[in-house]
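User: I've got a structure open and I'd like to learn how to read it feature by feature. Can you walk me through it?

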Amino acid sequence: MALRALSIAATGGRAMMRKVDTISNNLANVSTTGYKRTRANFSDLLYQQVSRAGNLQTGGPPTGTFYGTGVRLVSTEKIHTQGALEVTERQFDLALDGEGFFRVTLPDGQIAYTRDGSFNVDADGNLVTSEGFLTDPQFTIPANTIGLTVDPTGRLFVITADAPEQPQELGQLQLTRFINPSGLDAVGDNLYLESAASGNPIDGVAGDRAQGFGSVRQGFLEESNVDVVTELVDLITAQRAFEINTNAIQAADEILQNVNNLRR
Amino acid sequence: MINGLHTSGLGALGQTTKLGIISNNLANIETPGFRRESLTFGERLVEALEAPADYDHYNFWVDRYGGAPHIASMQIDPNAGGLEETGGVFDLAIRNDDGFFAVTDATSGQRYFTRAGNFALNAAGVLVTADGKYRVGDASGEPIQIDVAEGTDLIVARDGSIRLLAGDGQFIDVGRVGVFRVSPDELLKHGDTLLERQGGGALAAVDVPDVRQGYLESSSVNPIDEMVQLIQASRLVESNLQMIRYQDASLDRLINNLGRLAGA
């Protein structure tokens, strides 16, 4: 590369494009139930050492001479802060207030995790997600149910037409926590999969504060934790940073032009 | 000096070729499934100059300085572009890094490979590429016939299997889109966003195909990278041309001033 500045500014431009992509995705998901915002992390690239820093014994200047090579995207992480709870008053809408994930069984048998509690009942009375995936453990709402109550510890009670005075307990929702929820694999459809980085699943029930689990709130949905103002400010800084890098490219271009015109 | 003129000319030619490649990349920035191309140059030693024995010691060094680079190879980008959600029923994207769709030319029977999954059904109900010229192959490379009269919704699962939702709510198996493992080193561009396989040997299917319906793979061209390459290539063309100009001016002085016969 004729001038390092060209390739370095290109890495800067590329990184800012990735940041804008991330922000764009957050903004697109500002209304997605249970969505957790993504943050892009950057780091500087290798430095090329011309001379190493030294002292009087080893020789060499006190700071050394080195050239940087630019920036790279190190990782993108999901920030798992609590989203606001939105009142829906729908009996199958559940929101988690605190830590923990609902467990879902995928069609291939794998267990996935989600914060999206907008559940439904399928044709057989099973409690399913909006995609139609069964919860884990599975619950079947009886056909003659006239009301469903879910208490803050996730226990399901149904009131059936034949015994309206006696709520029957169907079971208790199971939740899962992870040591590193940001390490979960986001696979789309509001689902996460366990990964090598997330740690082993820690299973438990809602309301178990000693184990760090939050509570279940029936009739609420957890909103996306994207803060539009923060994202827009990040977008402005990313866009200006991109612009500055293109300035560096233009400057490098002009320098090369001058070099070419040294002798006409 | 004459030799230097040739060297500069070839240098400018090399960079002009690179400009052509960059232009093609930029022109294809919206082409689904397009992979950008890049050139690598290799150093080339100048041909030995025939000379009398007296100049042997000069020829030793003449043989060993460069005689302008040659194009060592042209690489096709092995990295996929981004995934774009289109919602198209016949739009397919392969998530496997080394997987390609196989298509056959309807007239010649020649097989090609592609990542561009923007397919369609022709009048005969055969799954073809967007231009209608090539038939999409199934797991054994044969064309896929879909009779839309049999059902309403077409679902392509992640393993490539195609199912039609019939009127009675049952799914009919129609076939399976083939996803084959081909190394990018074996591929040459053919046009129509298709790649031709160079090597022989058996064609293996990808172990676990991951095909997504409703998505398309975008072009892998990144405008920032291309612009930086463009700036450098055009400045280098300029530098080489300046060198030609300079060498020409020196030759001019040599021939017309120094070489002028006295009194002529």
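**Reading the model, feature by feature**

Analyst: Let's start with one residue. N41(A) sits in strand β1 of chain A, which covers residues 38-44. Keep in mind throughout that this is a predicted model.

User: Is N41(A) buried or exposed?

Analyst: For that you look at the relative accessible area, and under 20% counts as buried. N41(A) comes out at 19%, so N41(A) is buried.

User: Which residues does N41(A) touch?

Analyst: Leaving out residues up to four places away in sequence, N41(A) touches R72(A), L73(A), V74(A), S75(A) and E77(A). With E77(A) there is also a polar contact, side chain to side chain, at 2.9 Å.

User: Okay, on to the two chains. How do I put a number on the interface?

Analyst: The usual way is an area: the size of an interface is often given as the accessible area lost when the parts come together. Here, about 1500 Å² is buried between chain A and chain B, and carbon and sulfur atoms give 57% of that. Chain A puts 18 residues into the contact and chain B puts in 12.

User: How many salt bridges cross the interface of chain A and chain B?

Analyst: The rule finds two across that interface. One of them joins the side chains of D253(A) and R235(B), with 2.6 Å from N to O. Polar contacts get their own count: seven residue pairs between chain A and chain B, both residues at pLDDT 80 or more.

User: Which elements give two or more residues to the side of chain A that touches chain B?

Analyst: Those are α1 (4-28) and α2 (228-260) of chain A. α2(A) gives the most, with seven residues. By residue type, the side of chain A that touches chain B divides into eight nonpolar, five polar and five charged.

User: And salt bridges across the whole structure, how should I read those?

Analyst: Take the pair, then ask where the partners sit and how accessible each one is. Over all chains, the search finds 25 salt bridges. R90(A) is partly exposed at 31% relative accessible area, whereas D93(A) is buried at 4%.

User: What about D192(B), which residue does it form a salt bridge with?

Analyst: Its partner is K133(B), and the closest N and O atoms are 3.4 Å apart. This pair links distant parts of the chain, 59 residues apart: D192(B) is in the loop between β14 (187-191) and β15 (194-197) of chain B, and K133(B) is in the loop between β8 (127-129) and β9 (134-136) of chain B. D192(B) is partly exposed at 40%, and K133(B) counts as partly exposed at 43%.

User: Can you show me one between strands?

Analyst: D173(B) lies in strand β12 (residues 171-176) and R163(B) in strand β11 (residues 161-165) of chain B, so the pair ties together parts that are 10 residues apart in sequence. D173(B) counts as exposed at 59%, while R163(B) is partly exposed at 31%. Salt bridges can also join up: K36(A), R115(A) and E222(A) are linked in a network.

User: Last one: aromatic pairs. What do I look at?

Analyst: Two values: a pair of aromatic rings is described by the distance of the centres and the angle of the planes. The count here is seven aromatic pairs over all chains. In Y47(A) and F66(A), the ring centres are 5.6 Å apart and the planes are at 85°, so the pair is edge-to-face. Y47(A) is in strand β2 (residues 47-51) and F66(A) in strand β3 (residues 65-68) of chain A, 19 residues apart. Y47(A) is partly exposed at 41%, and F66(A) is partly exposed at 42%.

User: Why is the pair of F101(B) and F119(B) described the way it is?

Analyst: Their centres are 5.0 Å apart and their planes are at 75°, so this pair is edge-to-face. F101(B) counts as buried at 0% relative accessibility, and F119(B) counts as buried at 5%. Back in chain A, ring pairs link F101(A), Y113(A), F178(A) and Y192(A) into a cluster.

Methods
Residues numbered from 1 in each chain as written. Chains lettered and ligands numbered in written order. Predicted model: local features only at pLDDT ≥ 70, side-chain atom pairs only at ≥ 80, totals over all residues. Heavy atoms only, no water. Helix = DSSP H or I, 4+ residues; strand = E, 2+ residues; numbered from the N terminus. Buried < 20%, exposed > 50% of the residue type's maximum accessible area, 1.4 Å probe, protein only. Polar contact = N/O pair within 3.5 Å; in protein donor to acceptor, adjacent residues only side chain to side chain. Contact = heavy atoms within 4.5 Å. Buried area = accessible area lost by both parts, 1.4 Å probe. Salt bridge = Lys/Arg side-chain N within 4 Å of Asp/Glu carboxyl O. Nonpolar A, V, L, I, M, F, W, Y, C, P; charged D, E, K, R; others polar. Phe/Tyr/Trp six-rings, centres within 6.5 Å; stacked < 30°, edge-to-face > 60°.
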